[in-house]
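Please look over the sequence and the structure first.

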Amino acid sequence: MEARTSPDSPVFSASASPNALCFGDDLPATGAPCLVDLDTSGITVHLLQAPPIVLRVKFDEVSVSAGGLDHDQLVAQWTGEQGRRSLYIKDPVLIRAFRAAAPPGLTRRLDDTAAAVRRTRTRQRSTWAAVGGALVAVVLVLWFGSDLLVEMAVSRIPVEWEQKIGEAAYRDVLAQQTVIKEGPAVSAVQEMTRRLTERLSDSPYKFEVTMVKNDVVNAFALPGGYVVVFTGLMKNAESGEEVAGVLSHELNHVLQRHGLERIVKQLGLFTVLSVIMGNQQGLAGLMREVSLQLLTLRFGRDQETEADVTGVHLLHRARIDPEGLIRFFDRLSAKEKDRVELLSTHPMSQARAARLRTEVASLPKQLPEPFTFDWKSVQQSLAGP
């Protein structure tokens, strides 16, 4: 467990400058700069904040891996009094000291990790040597919004950092809304979420879905697995399957990392190239800026279509009737008669419903499993001012 003590005889003593970043639920989303000391029994972390905090953790409580944009950082993780913590160490001197101080069982894992990183770097160097010249030429002529550049940048952002990005915006949203924590509607959304996420065996995300009191017919997703459902959607949907369809759509925005793609695209070519080339300062700047950006960015037409199609497939795997999402779009289309699709950043609801009918027809036939809740009772629980 964490303790507020310092080692008596450090084998590595930190300098006056920060040499690591510490992440945790009680720390800033961009990480807290810290000083790290080591001795033969464990790690001492000095968090540089007011008031300063000193954390002490033993080696037998720590797991290690490689991390960072270029897999050149040592990541130490443990669970302390304030929850899960992650320590990102980039300083080569400190990494060597860590290896010297850590017990054999832990250093064996470090050696395995280092060998895997070396293999990855060798492959990456060979690849970059082959395409480097061509890449420079292509970058000069490619339009900034190239999906290829954006996808390359997004692929270099660790999921853990993505979760911190989304969490910062998520907290900003909930601070301005009335969160509904219990009741039939919350239980219904929890059942939908469970049915859907149980079919995501290889997902790196732990989804957190929250309902807020708001009459807008809406739900939205943030990077890292955070989803917000408005009571307006619950009140206006004609069935639980409609809400589950919208929820599946939002979960797939997260799974496809659409939010990160929009952020990187919005922030500009310099940020894209900085992230691609492993510039951590560029990524740190991105993390500072995106909280407000996330709340105003809209997904593009291709992203909405991808979330629709993958959402239908997830509904099918969860044995939830995908016709609910189609009916939801059918009813929305009645309100869009004056819109011109070519002038819209989103596909029209009528076109989305037609596309999904074709997709559903291609799926194997199966009998959907109904939800355990009564939808009318769920809606009645939300009635009132």
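In which loop is T30 found? T30 is found in the loop between strand 1 (20-24) and strand 2 (32-38). The model is a predicted one, in which local features need pLDDT of at least 70 and side-chain atom pairs count only at pLDDT 80 or more, while totals for chains, interfaces and linings use all residues. Residues are numbered from 1 along each chain as its sequence is written, and side-chain values use heavy atoms, with hydrogens and water left out.

**Overall make-up**

- The protein chain has 14 helices and 11 strands; these are DSSP runs numbered from the N terminus (helices H or I, at least four residues; strands E, at least two).
- Of the 385 residues in the protein chain, 48% are buried (buried is under 20% relative accessible area, exposed over 50%, partly exposed in between, with a 1.4 Å probe and protein chains only).
- Among contacts (heavy atoms within 4.5 Å) between residues at least 6 apart in sequence, 66% join residues at least 24 apart.

**Nonpolar cores**

- The largest nonpolar core has 41 residues, and M192, L196, M234 and W375 touch the most other members. Such a core is a set of buried Ala, Val, Leu, Ile, Met, Phe, Trp, Tyr and Cys residues joined through side-chain atoms within 4.5 Å.
- Another core, of 29 residues, lies apart from it and includes C34, V45, V62 and A102.
- Beyond its neighbours within four places in sequence, L196 is in contact with A244, L247, S248, L251, L314, L315, A318 and I320.
- In soluble globular proteins, nonpolar side chains tend to be buried together.

**Helix 12 and its partners**

- The buried residues of helix 12 (residues 323-333) are G324, L325, I326, F328, F329 and S333. They pack against helix 6 (231-236), helix 7, helix 11 (301-317) and helix 13.
- The axes of helix 12 and helix 13 (residues 349-361) come within 8 Å and cross at roughly 160 degrees. Axes are lines fitted to C-alpha atoms, for helices over the stretch in contact, and angles run from 0 to 180 degrees between N-to-C directions.
- Helix 12 and helix 13 are therefore roughly antiparallel (angles under 35 degrees count as roughly parallel, over 145 as roughly antiparallel, 65 to 115 as roughly perpendicular and the rest as oblique).
- On the helix 12 side, this contact involves E323, L325, I326, F329, D330, L332 and S333; on the helix 13 side, S349, Q350, R352, A353, L356, R357 and V360.
- Seven residues of the contact of helix 12 with helix 13 are nonpolar, three polar and four charged (Ala, Val, Leu, Ile, Met, Phe, Trp, Tyr, Cys and Pro count as nonpolar, Asp, Glu, Lys and Arg as charged, and the others, Gly among them, as polar).
- Helix 7 (residues 240-255) and helix 12 have axes that come within 7 Å and cross at roughly 90 degrees, so the two are roughly perpendicular.
- E241, E242, G245 and V246 of helix 7 meet G324, L325, R327, F328 and R331 of helix 12. The residues of this contact are three nonpolar, two polar and four charged.

**Loop residues**

- T30 is partly exposed, at 32% relative accessible area. Its C-alpha atom is separated by 7.0 Å from that of K164, 134 residues apart along the chain.
- R257 lies in the loop between helix 7 and helix 8 (258-267). R257 has a positive phi, near 60 degrees, and is not glycine; at 15% relative accessibility, it counts as buried.
- R319, in the loop between helix 11 and helix 12, also has a positive phi, near 55 degrees. R319 is partly exposed, with a relative accessible area of 27%.
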